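Morning, everyone. Let me put the structure up, and then I'll walk through it strand by strand.

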Amino acid sequence: MSQSILKDDFYEKIKPRLHRRIGRELRLAGHILDLGCGACGLVQYLAQTYRQKVIGVDISSGSFPRRRHTFDGRRFRCIRKDARQLGFIKDASLDAVVSVWALHEMEHPGAILVEARRILRPGGEVLIVDFPRDSLAQKLWDEKYYRPEEIKMLLKDAGFKDARARLIEKEQIIWAHGQQSAATRGLPYHG
Ligand SMILES: C[S@@+](CC[C@H](N)C(=O)[O-])C[C@H]1O[C@@H](n2cnc3c(N)ncnc32)[C@H](O)[C@@H]1O
């Protein structure tokens, strides 16, 4: 990859495109949770574009917008919360869980994905978007990124069915899915 695109703003440029792609992917979901939502941008985009009910959680609230907003009675909100502590959300109550560029930063990703599975209804979808190991992101920030197959295994180990992971955007982004199959009791993960 040439030095000319080895810049921090590479990802800011592809972000709106990723948000549109995520929106199309989750367009049929009525109620969505964004794990590691950062500045609440995707949460607002989905709520405004698709009129979905969207909650974002982030362990740091540093960049949240100051107020909640309402669109035709459909509210979105971003709250300061560890993605591992989702006890405020009922079992099987959401249609989709999404996480963008955040799973690699999370401690206990397996436990977080088990929580994501608990709150998804049967047939509900988890969508993980992250940077892959050995990518441009690695050169920029040198964090511990996963390979696609590692995210696929995390999803499988958390009990998701049809776990899949592939590279998109010139192999600079991992796009991974899993589906909630059935009852959430007796989950396999205790880590
Ligand atoms: C690289 S930022 C991505 C933010 C946003 N998703 C985006 O697309 O811009 C990763 C975010 O994950 C959050 N994060 C890390 N560990 C977390 C955890 N255990 N629970 C919730 N959020 C977490 C960080 O605070 C940070 O805002």
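Start at strand 8, where V126 has G178 as its bridge partner. Strands here are DSSP E runs of at least two residues, helices are H or I runs of at least four, and both are numbered from the N terminus. Before going on, a caution: this is a predicted model, local features need pLDDT of at least 70, side-chain atom pairs count only at pLDDT 80 or more, and totals for chains, interfaces and linings use all residues. Residue numbers start from 1 along each chain as its sequence is written.

Back to the pairing. Strand 6 and strand 8 (residues 173–179) run antiparallel, joined by six bridges. Two strands pair if DSSP finds at least two bridges between them. Strand 5 (residues 94–100) also has six bridges to strand 6, and that pair is parallel. There, A96 has E125 in strand 6 as its bridge partner. Strand 5, helix 3 (residues 109–119) and strand 6 form a right-handed β-α-β unit. Right-handed means that, with the strands pointing away from the viewer, the path from the first strand over the helix to the second runs clockwise.

Is strand 6 mostly covered or mostly open? Covered: eight of the 11 residues in strand 6 (residues 120–130) are buried. Buried means 20 or more other C-beta atoms within 10 Å of the residue's own, with C-beta atoms placed from the backbone.

Now A163, in strand 7 (residues 161–168). Why is A163 called buried? Because it has 21 C-beta neighbours inside 10 Å. Leaving out residues up to four places away in sequence, A163 touches K152, L155, K156 and G178. Contact means C-beta atoms, placed from the backbone, within 7 Å. A163 and A176 sit 13 residues apart in sequence, and their C-alpha atoms are 7.3 Å apart.

L155 comes up again in the core. The largest nonpolar core has 52 residues, and I32, V43, V97 and L155 touch the most other members. Such a core is a set of buried Ala, Val, Leu, Ile, Met, Phe, Trp, Tyr and Cys residues joined through C-beta atoms within 7 Å. In soluble globular proteins, nonpolar side chains tend to be buried together. V43 touches D34, C37, V54, G56, F76 and C78, again not counting residues up to four places away in sequence.

Last, the whole protein. It has five helices and eight strands. Of its 191 residues, 37% are buried.

Definitions and conventions:
A residue is buried if 20 or more other C-beta atoms lie within 10 Å of its own, exposed if 12 or fewer, and partly exposed in between; C-beta atoms are placed from the backbone. Two residues are in contact if their C-beta atoms, placed from the backbone, lie within 7 Å.
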